[in-house]
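This report goes through one structure for a reader who is new to it. Please look at the sequence and the model first.

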Amino acid sequence: MDNKKPFYKLKGYLAENGIKQRDLAKQIGMSEVSLSQKINRAGSTFTIDEVKKICEVLGISADDFFLTQSFQKWEMEVV
């Protein structure tokens with residue numbers, strides 16, 4: 001079963017802050033199409049380097065925008 005959900009928090013953050021995907025894509029050196037596909041999980045997923053660039057440009061935390069709740073829960077149980 002494929003349960004890849006779009007990065008809703010990231011999409012919401014962009015919308016709330018008036019940030020266009022094309023502008024973010026340009027800032028991180030990615031095509032607008034590639035960024036859109038990755039945000040919507042319609043293609044490949046973000047690489048670690050891409051996540052780092054997005055977080056740096058937007059001033060956000062990867063923990064809040066890219067990790068699933070199940071992963072965060074698992075990480076807390078392991079620590």
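## Lysine 38 and the basis of the model

Lysine 38 is found in helix α3, residues 32-39; helices are DSSP runs (H or I, at least four residues), numbered from the N terminus. This is a predicted model, in which local features need pLDDT of at least 70 and side-chain atom pairs count only at pLDDT 80 or more, while totals for chains, interfaces and linings use all residues. Residues are numbered from 1 along each chain as its sequence is written, and side-chain values use heavy atoms, with hydrogens and water left out.

Lysine 38 has a relative accessible area of 10% and is therefore buried (under 20% relative accessible area, with exposed over 50% and partly exposed in between; 1.4 Å probe, protein chains only). Leaving aside residues up to four places away in sequence, Lysine 38 touches Phe7, Met30, Ser44, Thr45, Phe46 and Glu50; contact means heavy atoms within 4.5 Å.

## Glutamate 50

Glutamate 50 is found in helix α4. With a relative accessible area of 17%, Glutamate 50 is buried. Its contacts, not counting residues up to four places away in sequence, are Met30, Lys38 and Thr45. A polar atom of the Glutamate 50 side chain lies 2.9 Å from the backbone nitrogen of threonine 47.

## Helices α2 and α3

Helix α2 (residues 21-28) packs with α3 at an angle of about 110°, their axes 8 Å apart; axes are lines fitted to C-alpha atoms over the stretch in contact, and angles run from 0 to 180 degrees between N-to-C directions. That angle makes α2 roughly perpendicular to α3, a class covering 65 to 115 degrees. Gln21, Arg22, Leu24, Ala25 and Ile28 in α2 meet Glu32, Leu35, Ser36 and Ile39 in α3.

Alanine 25 lies in α2 and is buried, with a relative accessible area of 1%. Apart from residues up to four places away in sequence, Alanine 25 touches Met30, Ser31, Glu32 and Leu35. The C-alpha atoms of alanine 25 and isoleucine 54 are separated by 8.9 Å, with the two residues 29 apart along the chain.

## The nonpolar core

The largest nonpolar core has 17 residues, and those with the most contacts inside it are Leu10, Leu35, Phe46, Ile54, Ile60 and Phe66. Such a core is a set of buried Ala, Val, Leu, Ile, Met, Phe, Trp, Tyr and Cys residues joined through side-chain atoms within 4.5 Å. Helices α1 (8-16), α2, α3 and α4 (48-58) each supply at least two residues of this core. The largest share, four residues, comes from α4.

Terms used:
Angles under 35 degrees count as roughly parallel, over 145 as roughly antiparallel, 65 to 115 as roughly perpendicular and the rest as oblique. A polar contact is a pair of N or O atoms within 3.5 Å; within protein, one must be able to donate a hydrogen and the other to accept it, and residues adjacent in sequence count only if both atoms are side-chain atoms.
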